[in-house]
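Please look through the structure shown here, and keep the sequence beside it while reading the report that follows.

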Amino acid sequence: MSRRRKTGIIATCLLVMAVFIWLDRGALKRKWRQQSKSEEQAKAYDLEKYHEKKFTVAKVVDGDTIDIDIPDGQYEHTRIRLWGIDTPETKSRDTGVMYFGLEAAEFTTESTLGKQVTVYLEEHRTRGKYDRVLAYVQLPGGMFLNEVLLTEGFAYADLRFRHSLYHKYKQLEASARRQEKGLWEKVTREQLPEWLQRMEPELLSKK
């Protein structure tokens with residue numbers, strides 16, 4: 001086989017490879033655009049359906065998780081995960097019932113179950129882990145459950161995810177720690193959530 005023929009074959013192969021790469025990249029771009037568009041549509045749908053709307057709380061799952069009386073896809077109710085906070089677990093298979101978890105769940109139950117609340121969403125993100133709706137929940141009296149749980153020492157400010165009230169929630173938790181309110185009166189490092197134990201030591205100080 002002549003050198004010219006070999007060169008032609010190599011050039012053809014390279015051209016074919018380049019075409020396949022271009023087509024593959026184009027497909028990936030289209031897929032990314034479709035996925036991005038789908039996510040934006042889902043957020044827009046959630047905002048239209050839930051944001052600034054009133055609902056009755058049908059069930060309290062945990063201190064930071066409630067169900068409201070409106071269907072969500074195949075589910076009879078919509079599950080709400082409170083934005084920006086984390087209460088001690090009571091249902092987790094990994095941790096079991098954590099210190100002050102029952103107290104937090106009881107407080108949320110007394111504050112919301114069977115009552116009408118107003119739901120507020122963040123435009124940049126409406127869903128969290130397990131496809132739960134992320135929300136700030138306003139109680140009938142006007143206060144927000146997220147903030148009350150922090151102020152009274154039933155919850156931790158969740159430092160893992162940014163949101164519009166991130167710094168305010170850190171301050172609310174810091175105030176509760178200084179006053180040793182709720183769980184902050186006697187909680188030990190070992191009783192804190194694992195994610196919080198990994199944070200800087202100064203964030204764990206009660207004073």
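## Helix H2 and the residue after it

Just after helix H2, Gly 114 takes a positive phi of about 80°, a value that belongs, like every other value in this report, to a predicted model. Helix H2 itself comprises the 12 residues 101–112, which at 1.5 Å a residue should span 16 Å, and this agrees with the 17 Å that separate its end C-alpha atoms.

Which residues of H2 are buried? They are Gly 101, Ala 104, Ala 105, Thr 108, Ser 111 and Thr 112, and because they cover an arc of only 130° around the axis, they lie on the same side of H2. An α-helix has 3.6 residues a turn, so residues three or four places apart point the same way. The face of H2 turned away from this buried side carries the exposed residues Leu 102 and Glu 110, while the cover over the buried residues includes strand S1 (53–62), strand S2 (65–68) and helix H3 (145–151).

## Strand S1 and its partners

Strand S1 pairs in the antiparallel sense with strand S2 over four bridges, and the two strands form a hairpin with two residues between them. In this pairing, Lys 59 stands opposite Asp 67 in S2.

S1 also pairs with strand S5 (residues 116–120), in the antiparallel sense and over four bridges, and here Phe 55 stands opposite Val 117 in S5.

## Gln 138 in strand S6

Gln 138 lies in strand S6, which runs over residues 133–138. With a relative accessible area of 18%, Gln 138 falls under the 20% limit and is therefore buried. A polar atom of the side chain of Gln 138 lies 3.0 Å from the backbone oxygen of Gly 142. Leaving aside residues up to four places away in sequence, Gln 138 touches Val 117, Thr 118, Tyr 120, Met 143 and Phe 144.

## Aromatic pairs

How many aromatic pairs does a search of the whole structure find? The search finds eight, and one of them joins Tyr 50 and Phe 55, whose ring centres are 6.0 Å apart and whose planes stand at 55°, so this pair is tilted. Both Tyr 50 and Phe 55 are buried.

The rings of Trp 83 and Tyr 136 have their centres 6.5 Å apart and their planes at 20°, so this pair is stacked. It links distant parts of the chain, with Trp 83 in the loop between strand S3 (78–82) and strand S4 (85–86), and Tyr 136 in strand S6, 53 residues apart. Trp 83 and Tyr 136 are buried. Elsewhere, ring pairs link Tyr 99, Phe 100, Phe 107 and Phe 154 into a cluster.

Key. Residues numbered from 1 in each chain as written. Predicted model: local features only at pLDDT ≥ 70, side-chain atom pairs only at ≥ 80, totals over all residues. Heavy atoms only, no water. Buried < 20%, exposed > 50% of the residue type's maximum accessible area, 1.4 Å probe, protein only. Polar contact = N/O pair within 3.5 Å; in protein donor to acceptor, adjacent residues only side chain to side chain. Contact = heavy atoms within 4.5 Å. Expected span 1.5 Å × (residues − 1). Arc of directions from axis to C-beta. Pairing = 2+ DSSP bridges. Phe/Tyr/Trp six-rings, centres within 6.5 Å; stacked < 30°, edge-to-face > 60°.
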